[in-house]
Amino acid sequence: MVGPPAAAQRVTTGLWSGLLAAAAFALTEAWLGLTMAFHTDWPVSFCIAVLSALVYFACLALSMRMGPAHPAPAP
């Protein structure tokens, strides 16, 4: 429940774009997790959690390459 919004926060700056990205990440992770669990002997929750972690770390790496999405205010 925390992974998709955390990943979306890393790559978006606006409210609506963040909500849409989080929803897209969550739906994609859920469907891919179900598919992975169907084709393997792993539990669904494990597959979804692994995908969520992978998406978060991919967004973290992307945000580090692009610079901070939310720059600190000037003093």
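At what angle do helix 2 and helix 3 pack, and how far apart are their axes? I opened the predicted model to find out.

**Entry: helix 2 and helix 3**

I looked up helix 2, residues 15-39, and helix 3, residues 44-66. They pack at an angle of about 135°, and their axes lie 8 Å apart. Angles over 145 degrees would count as roughly antiparallel, and 65 to 115 as roughly perpendicular. Helix 2 is therefore oblique to helix 3. I noted the crossing of this pair as right-handed.

Next I listed the contact residues. Helix 2 brings Phe-25, Glu-29, Ala-30, Leu-32, Gly-33, Leu-34, Met-36 and Ala-37. Helix 3 brings Val-44, Cys-47, Ile-48, Leu-51, Ser-52, Val-55 and Cys-59. I sorted them by class: 12 are nonpolar, two are polar and one is charged.

**Entry: helix 1 and helix 2**

I then turned to helix 1, residues 3-11. Its axis and that of helix 2 come within 8 Å and cross at roughly 135°. Helix 1 and helix 2 are therefore oblique to each other. I recorded a right-handed crossing here.

Which residues make this contact? From helix 1 I found Pro-4, Pro-5, Ala-7 and Ala-8. From helix 2 I found Gly-18, Ala-21, Ala-22, Phe-25, Ala-26 and Glu-29. By class, I have eight nonpolar, one polar and one charged.

**Entry: cross-check**

I compared the two lists for helix 2. Phe-25 and Glu-29 stand in the contact with helix 3, and Phe-25 and Glu-29 also stand in the contact with helix 1.

Note on methods: Residues numbered from 1 in each chain as written. Predicted model: local features only at pLDDT ≥ 70, side-chain atom pairs only at ≥ 80, totals over all residues. Heavy atoms only, no water. Axes fitted to C-alpha atoms, helices over the stretch in contact; angles between N-to-C directions. Helix = DSSP H or I, 4+ residues; strand = E, 2+ residues; numbered from the N terminus. Parallel < 35°, antiparallel > 145°, perpendicular 65-115°, else oblique. Left-handed = near helix turned anticlockwise from the far one by under 90°. Contact = heavy atoms within 4.5 Å. Nonpolar A, V, L, I, M, F, W, Y, C, P; charged D, E, K, R; others polar.
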